[in-house]
Amino acid sequence: MNLKIEEYKNIIDDEIKSKVIGLIKNENSDSILAKLSLNNISNYIDILVKSNKLYLFTCELDNNTIGYAVLADKPEYLISEFKHMKFKIFFDLILNFNIFTIIDIFLSLLKIDLIKLNNKNREILNKNLNLNLIAIKNSYRSKGYGKAFLNELMKLFSAKDLFETICCETYSNQAESFYIKKLNFHKIGKKVRTKGLLTVLAKKLKH
Ligand SMILES: CC(C)(COP(=O)(O)OP(=O)(O)OC[C@H]1O[C@@H](n2cnc3c(N)ncnc32)[C@H](O)[C@@H]1OP(=O)(O)O)[C@@H](O)C(=O)NCCC(=O)NCCS
């Protein structure tokens, strides 16, 4: 499989950035990020590539960017690294009447969203590598690219030897079966959101 994986550190050129924004808007349209204005998503990506606690990757097939992934050393950095943008994000969500998303952010800040995770699994989630977002362009799905992309990312992080486990969260049954059936993740609990329960999954990076 001729999949090329790129990581962006410190800078990202405008062409790649606009491709990543397109993937966020089209393929992860349920995410909080996709609900922000183009300007704020662009600022978010600038912070993401400058952070040494967050990671942005794309995968390319024949010079065509078909997927992207965002990871964090710990889930808390997905909030703390963007603290300078908090008012911009808040006003964006208010202007677009995304009240439920705002409630979800508060549930998360107050850690109320973790009530359905036992203490052991909370610790696993909070202290390990977090796969925040991943997507493959719709027309390229179900061809094994998602599995190959994530396997490469896990190999990369496993070689750094900083984390025992990788965790992720999803509402989607299809994504759940991608993680469980294709990549051997297992469920460790649920997170509470206004629109329902998010499944939390984990997989050991080393055996
Ligand atoms: C999840 C995703 C990255 C998998 O990429 P992929 O290239 O399709 O992955 P693979 O080909 O390796 O595996 C395909 C499996 O993913 C699952 N899947 C299929 N369509 C899916 C979809 N629209 N959304 C989520 N998972 C899907 C199925 O289990 C599928 O197995 P099958 O082809 O045997 O039916 C991709 O489907 C996607 O971008 N989905 C939308 C965004 C998303 O849900 N991201 C995960 C949460 S952030």
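Biologist: Which helices and strands each supply at least two residues of the shell around the ligand?

Modeller: Helices (H or I, at least four residues) and strands (E, at least two) are DSSP runs, numbered from the N terminus, and a residue is near a molecule if its C-beta atom, placed from the backbone, lies within 6 Å of it. Here strand 4 (129-136), helix 7 (145-160) and helix 8 (173-182) each supply at least two residues. Helix 8 gives the most, with six. The model is a predicted one: local features need pLDDT of at least 70 and side-chain atom pairs count only at pLDDT 80 or more, while totals for chains, interfaces and linings use all residues. Residues are numbered from 1 along each chain as its sequence is written.

Biologist: Which residues come nearest to the ligand, and how is the shell divided by class?

Modeller: Of the 21 residues around the ligand, Arg-141, Ser-142, Gly-146, Lys-147 and Phe-178 come nearest. For classes, Ala, Val, Leu, Ile, Met, Phe, Trp, Tyr, Cys and Pro count as nonpolar, Asp, Glu, Lys and Arg as charged, and the others, Gly among them, as polar. The shell has seven nonpolar, eight polar and six charged residues.

Biologist: Which residues touch the most other members of the largest nonpolar core?

Modeller: In soluble globular proteins, nonpolar side chains tend to be buried together. A nonpolar core is a set of buried Ala, Val, Leu, Ile, Met, Phe, Trp, Tyr and Cys residues joined through C-beta atoms within 7 Å; buried denotes 20 or more other C-beta atoms within 10 Å of a residue's own, exposed 12 or fewer, and partly exposed anything in between, with C-beta atoms placed from the backbone. In the largest core, of 40 residues, Leu-56, Tyr-68, Ala-69, Leu-71, Cys-167 and Leu-201 touch the most other members. Strand 3 (residues 64-72) contributes the largest share, six residues.

Biologist: Why does Asn-63 count as exposed, and why does Asn-184?

Modeller: Asn-63 counts as exposed because it has 6 C-beta neighbours inside 10 Å. Asn-184 counts as exposed because it has 9.
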